Each structure stands twice: as structure tokens, then as C-alpha cells.
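Below is a short note for a colleague who has the model open.

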Amino acid sequence: MSRQSQNQIRAVISGTGADLPEKVLTNSDLEQMVDTESDWIVQRTGIAERRIAEQDTSTSDLAANAARRALKSAQIDPLDIELIVVCTATPDMSFPSTACVVQMKIGAKNAHAFDLSAACSGFVYGLDLADGMIKSGRYKTILVIGAETFSRIVNWTDRSTCILFGDGAGAAIVQASTEDRGIIASYCGADGAYADTELLAVPAGGSTLPVTAENVKKQLHKITMKGREVFKLGVRIMPEAALHTLQMAGLTVEDIDLVIPHQANLRIIEAVGERIGVPSEKLYINVDRYGNTSAATVIIALDEALRSKRVNSGDLVLLVTFGAGLTWGASIIRM
Ligand code: COA
């Protein structure tokens with residue numbers, strides 16, 4: 001594809017940050033909690049450990065810490081932010097939004113703020129939204145955050161789900177620029193036919209099944225998942241989304257310097273890499289250290305990759321994700 005014409009507005013990621021709780025929950029710790037074995041977890045998921053937020057830490061605390069680091073790396077003032085989008089499935093509460101709490105915590109008084117619900121696809125959805133809003137000319141500076149405390153919605157007696165998830169947050173400052181970089185192609189999809197199944201959901205706590213003693217007793221306010229089916233969907237949907245977005249950009253996978261897939265399971269990541277034809281050295285993996293942090297995985301990974309210089313200015317990065325809904329999305333960014 002030809003490079004952009006001069007003066008075209010692009011949405012550029014000018015800074016990133018992340019926050020991972022200090023507390024580490026290892027597979028050996030899980031062996032003490034449920035009937036499982038560390039080797040089984042590593043073989044089936046690739047996960048060795050995950051981070052767990054302290055009880056007095058909310059999603060907004062992780063989000064605000066990640067945002068402060070992103071502001072620092074972009075070298076901008078919180079007052080420059082015009083919009084805050086917090087992508088999360090584990091908000092501080094139903095309402096007010098976690099984004100409003102973050103606005104207060106980081107002192108971004110000039111921003112309006114809302115949460116975005118797209119489960120594990122949240123950050124890519126948020127980036128897509130920011131891209132559109134910046135290209136419309138209405139916004140110059142948007143803060144997009146993926147932040148989760150899944151430890152609060154995990155059923156710690158269910159060995160098939162509690163081994164998978166962790167807490168964490170990542171943030172990106174997205175700014176208008178006429179430089180020849182930024183978001184090149186972005187694509188999101190959904191299939192609500194999967195929404196009312198127990199494929200991947202937290203059934204209670206909303207209007208369908210309000211919080212009642214009975215629902216809580218049945219653990220319906222916690223994650224329920226059909227792991228094998230979710231696995232198959234991920235392996236099919238993420239490559240489709242990645243290839244579609246490459247096509248939109250007029251690029252091939254050989255043009256991409258680093259692919260950052262949603263970090264749900266190492267076997268899913270490797271299958272995605274194989275299906276889109278990307279060599280393992282171009283596939284970013286940190287699921288071993290953090291597990292699945294849902295909406296935060298891809299931005300935590302991008303922040304790590306930038307800070308460790310695995311990704312450098314001018315490199316092409318492909319983010320690809322899928323999650324409950326179903327939702328999916330991919331984004332190609334020139335850094
Ligand atoms: N330790 C030991 N055994 C376990 C276990 C655990 N933590 N969890 C499940 N098992 C058992 C099951 O009970 C089952 O036993 P059975 O055959 O006697 O019934 C056996 O392992 C195989 O279960 P299965 O579900 O087929 O295993 P799997 O290879 O599919 O791995 C997951 C299970 C959950 C790890 C895997 O399906 C997965 O990662 N799915 C995707 C989940 C995901 O990414 N969700 C978020 C998407 S955004």
C-alpha cells in the first residue's frame with residue numbers, strides 16, 4: 001500500500017504504560033487451592049504464574065498507574081487528555097464508570113470518560129474507537145486503557161478457569177499526527193449468537209440474573225466457561241481477523257515486525273502464529289508470566305515490547321484478539 005499522503009491525520013500511539021500487581025500466584029500455589037498439577041497447567045496453557053491485586057486495589061488503581069506511566073512516556077500533561085476510554089470486564093462497580101474514577105485519580109479534568117465493554121477484545125475495540133475519533137478531527141489526545149482484576153470474578157474452586165486469569169492494566173496515549181506512522185488498519189467484529197450461552201460469561205450481577213443470595217451460592221457471579229469450545233473459536237477467529245486486517249492494509253505477514261496476539265493460552269498463540277504464517281521469533285509471548293489479563297493483555301505486551309526495545313520506532317506491529325461476546329479485532333500500527 002502506498003504510504004500516506006501529506007497532512008493526512010493519523011492516530012499515533014505516543015506513549016504506553018502498564019501496571020502489574022506485585023503479588024505473584026504460582027502454579028504451585030494453585031496446587032494448594034484446587035486439584036491440579038503445575039505441569040498440567042504449563043502443558044495445557046503455557047502459564048507459570050499470574051499477578052493478583054491486593055484486596056484494597058481496584059481496577060481503577062491499576063488503570064490509573066498504567067495511565068500515569070503512559071502520560072510520562074508520551075511527555076504530556078493529564079490536562080491535555082480529551083477523552084478516557086477504560087476497556088474492562090471488571091469495572092470498579094456497575095456505575096459510575098471506572099473511566100470517571102480514573103479521570104479523578106490522574107487529574108485529567110478536561111476529559112470526558114466512559115467504559116467500553118468488549119471483554120478480552122476491549123483494548124483493540126478501544127483503539128479502533130480512538131482511531132475513528134481522531135481521524136474525524138474532533139479529538140487530538142485520547143487515553144485508551146485495558147484494565148482488569150479478574151481475580152475478583154474467578155471461581156477459585158473451579159480448576160478449569162481459576163488457573164487461567166490474572167490482574168493487570170495497560171494504557172496508551174493516542175494522538176493526532178500528520179507523521180507517517182500510527183494506526184494503519186483496524187478491524188473489529190462480533191457475533192452475539194454466542195452471548196446468551198454459557199460459553200464464556202459471568203451470568204449474574206446484571207439485569208438478567210441480579211445479585212441474590214441464591215445466585216451467589218451457585219457462584220453465578222463468577223466466570224463460567226466451556227474451555228475446549230472457546231479454544232477452538234480462538235484458534236479460528238484470531239487468524240481470520242489478522243489476515244483480514246493485513247488485507248485491509250495491503251500488507252502481508254512478512255511486513256510485520258511483531259505480532260501480539262491476545263495472551264489467553266500458549267497453545268492458542270502458537271496455533272494462531274502457525275495459521276497466519278508468522279515465525280515464532282515474531283510472536284510476542286508473556287502469558288507464561290501474567291496469564292490472561294483479558295482486555296489488558298495486548299497493551300501490557302506492547303508496553304513491554306517497547307520498553308525492552310523488541311519494538312522500535314518505525315516497526316509494524318499487529319495486535320489481534322478475541323473474547324466473550326463473541327468479540328474479536330485486530331490492529332496494525334506503525335510505531
Ligand atoms: N488441572 C488438572 N486437570 C484439569 C484442570 C486443571 N487445572 N482443568 C481441567 N482439567 C481436566 C478436566 O477436568 C478434564 O478431565 P476429564 O477428561 O477427566 O473430564 C481434562 O483435564 C481435559 O479437560 P479439557 O477441558 O478438555 O482440557 P483442555 O486441554 O481443553 O484444557 C483449558 C482446558 C481450559 C486449559 C483450555 O480448554 C483452554 O485454555 N481453553 C481456552 C480458554 C480461554 O482462553 N478463555 C478465555 C478466552 S478470552
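**Notes on the predicted model**

1. The whole structure contains ten salt bridges. The model is a predicted one, and three of these pairs are taken up below.

2. Asp180 and Arg10 form a salt bridge through their side chains, with an N to O distance of 3.7 Å. The partners are 170 residues apart and link distant parts of the chain: Arg10 belongs to strand E1, and Asp180 to the loop between E7 and strand E8 (182-190). Asp180 is partly exposed at 31% relative accessibility, whereas Arg10 is buried at 10%.

3. Arg289 and Glu304 make another salt bridge, their closest N and O atoms being 3.0 Å apart. Arg289 sits in helix H10 (residues 287-290) and Glu304 in helix H11 (residues 297-307), so this pair ties together parts that are 15 residues apart in sequence. Arg289 is partly exposed, with a relative accessible area of 31%; Glu304 is buried, with 16%.

4. Arg307 is partly exposed at 49% relative accessible area, while Asp303 is buried at 5%.

5. The chain divides into domain 1 (3-179) and domain 2 (184-334). Taken over C-alpha atoms, the centres of domain 1 and domain 2 are 13 Å apart. In the contact between them, 49 residues of domain 1 meet 45 residues of domain 2. Domain 1 and domain 2 bury about 3700 Å² between them, and carbon and sulfur atoms give 60% of this area. Cys120, Val124 and Tyr125 supply 17% of what domain 1 buries against domain 2, more than any other three residues.

6. Several elements give two or more residues to the side of domain 1 that touches domain 2, including strand E1 (10-19), helix H3 (59-74), H5 and strand E7 (167-177). H5 gives the most to this side, with seven residues. The residues on this side of domain 1 comprise 22 nonpolar, 16 polar and eleven charged.

7. Two cis peptide bonds deserve a look. One joins Phe95 and Pro96, with omega about 0°; Pro96 is in the loop between strand E4 (83-87) and helix H4 (98-106). Another joins Gly325 and Leu326, with omega about -10°. Leu326 is in the loop between strand E12 (316-323) and strand E13 (327-334). For background, most peptide bonds are trans, and most residues other than glycine have a negative phi.

8. Ala119, which is not a glycine, has a positive phi of about 50°. This residue lies in the loop between strand E5 (112-116) and helix H5 (122-135), and at 14% relative accessibility Ala119 is buried. Gln219 likewise has a positive phi, near 60°. Gln219 lies in the loop between helix H7 (213-217) and strand E10 (224-225), and is partly exposed, with a relative accessible area of 31%.

Notes:
Residues numbered from 1 in each chain as written. Predicted model: local features only at pLDDT ≥ 70, side-chain atom pairs only at ≥ 80, totals over all residues. Heavy atoms only, no water. Helix = DSSP H or I, 4+ residues; strand = E, 2+ residues; numbered from the N terminus. Buried < 20%, exposed > 50% of the residue type's maximum accessible area, 1.4 Å probe, protein only. Domains from an automatic or database assignment. Contact = heavy atoms within 4.5 Å. Buried area = accessible area lost by both parts, 1.4 Å probe. Nonpolar A, V, L, I, M, F, W, Y, C, P; charged D, E, K, R; others polar. Salt bridge = Lys/Arg side-chain N within 4 Å of Asp/Glu carboxyl O.
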